[in-house]
Amino acid sequence: MKRNLLILLGLFLSFGVSAQVLLQQDFSSGTMPPTGWMVMGNMANWSNSATSTASGTIPEMKVSNTPNFNSSMRIISSQVNTTGLTQVIIRFKHMYDHADGGAAFTIGVDTRSSSGAWSNVWTKAATADVSAETVTILVNNANVGSASFQFSLFVSGNSANFKNWYVDDIEVLNPLPLDG
């Protein structure tokens, strides 16, 4: 009985150590964009919000529909050294607020290395609100393994079709192999 209890306790404790954090951003610095990050597009659409709409902790990042735009914009992470890795996990919390009666509006995540071309790893063509949720993306494309791996969160379309996109608690993780 004691042995089974110890095994179960060991398994329970090991669940929390299955990944190494390579990058973490919770927007608590109060600056937008955070140090080492950059915005491509109109900076006025990107802000820190004193809310927890994405189900993280206050503050969080907010992309708003004003000033109006009909294009793509992105926030680009600082570089992450993924040398020697074949896959990483990008995880974040978000909530998307769609405009009533609006057409589809695209939100997503791209990756790149060495300032090269963007490769899409997650896209949502939203036609309705998206309740707060955590998105977990396994990335195993050619960008992983670079000392200059980056990702971006992007919005694309006519800003009349959405209200706000809230994002918080972004992580890039090295999923450690489980050794039974």
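Me: Which residue is the bridge partner of Gln24 in E11?

Reply: The bridge partner of Gln24 is Glu171. This is a predicted model, to be clear. The two strands involved, E1 and E11, pair in the antiparallel sense over 6 bridges.

Me: Which residue stands opposite Val63 in E11?

Reply: Trp165 stands opposite Val63. Strands E4 and E11 are antiparallel, with 4 bridges in the pairing.

Me: And how many bridges join E6 to E11?

Reply: There are 9 bridges between E6 and E11, and the two run antiparallel. Within E11, Val172 is the bridge partner of Ile90.

Me: Is E11 mostly covered or mostly open?

Reply: Mostly covered: of the 14 residues in E11, 13 are buried.

Me: How much of the chain is buried?

Reply: Buried residues account for 44% of the 180 residues. The accessible surface is about 9,300 Å², and carbon and sulfur atoms hold 53% of that.

Me: What share of the contacts join residues at least 24 apart?

Reply: 77%, counted among contacts between residues at least 6 apart in sequence.

Me: Now the core. Which residues have the most contacts inside the largest nonpolar one?

Reply: Phe92, Phe151, Leu153 and Trp165, in a core of 36 residues. Strands that give two or more residues to this core include E4 (60-64), E6 (88-98) and E9 (130-139). E11 gives the most, with 5 residues. As a general point, nonpolar side chains tend to be buried together in soluble globular proteins.

Me: Different topic. What is the strand order in the open sheet of 5 strands?

Reply: The order is E2-E5-E10-E7-E8, and the pairing is antiparallel. At the edges are E2 (38-40) and E8 (119-126), each of which pairs on one side only. From one strand to the next, the twist averages 15°.

Me: How many bridges do E7 and E10 pair over?

Reply: E7 (residues 105-113) and E10 (residues 149-158) pair over 8 bridges, in the antiparallel sense. Ile107 is opposite Val155 in that pairing.

Me: And what about E7 with E8, how many bridges there?

Reply: 7 bridges, and these strands also run antiparallel. Gly108 in this pairing has Thr123 of E8 opposite. The two strands form a hairpin with 5 residues between them.

Me: Which residue in that turn has a positive phi?

Reply: Ser114, with a phi of about 50°.

Me: Last one: where is Pro33?

Reply: Pro33 is in the loop between E1 (19-25) and E2.

Me: Why does Pro33 count as partly exposed?

Reply: Because the relative accessibility of Pro33 is 24%, while buried means under 20% and exposed means over 50%.

Me: What is Pro33 in contact with, leaving aside its neighbours within four places?

Reply: Pro33 is in contact with Met38, Val39, Met43 and Ile75. There is also a C-alpha to C-alpha distance of 8.9 Å from Pro33 to Ile76, with the two 43 residues apart in sequence.

Key
Residues numbered from 1 in each chain as written. Predicted model: local features only at pLDDT ≥ 70, side-chain atom pairs only at ≥ 80, totals over all residues. Heavy atoms only, no water. Pairing = 2+ DSSP bridges. Axes fitted to C-alpha atoms, helices over the stretch in contact; angles between N-to-C directions. Buried < 20%, exposed > 50% of the residue type's maximum accessible area, 1.4 Å probe, protein only. Contact = heavy atoms within 4.5 Å. Areas by Shrake-Rupley, 256 points an atom, 1.4 Å probe, with all protein chains shown as cover. Core = buried A, V, L, I, M, F, W, Y, C linked by side-chain atoms within 4.5 Å.
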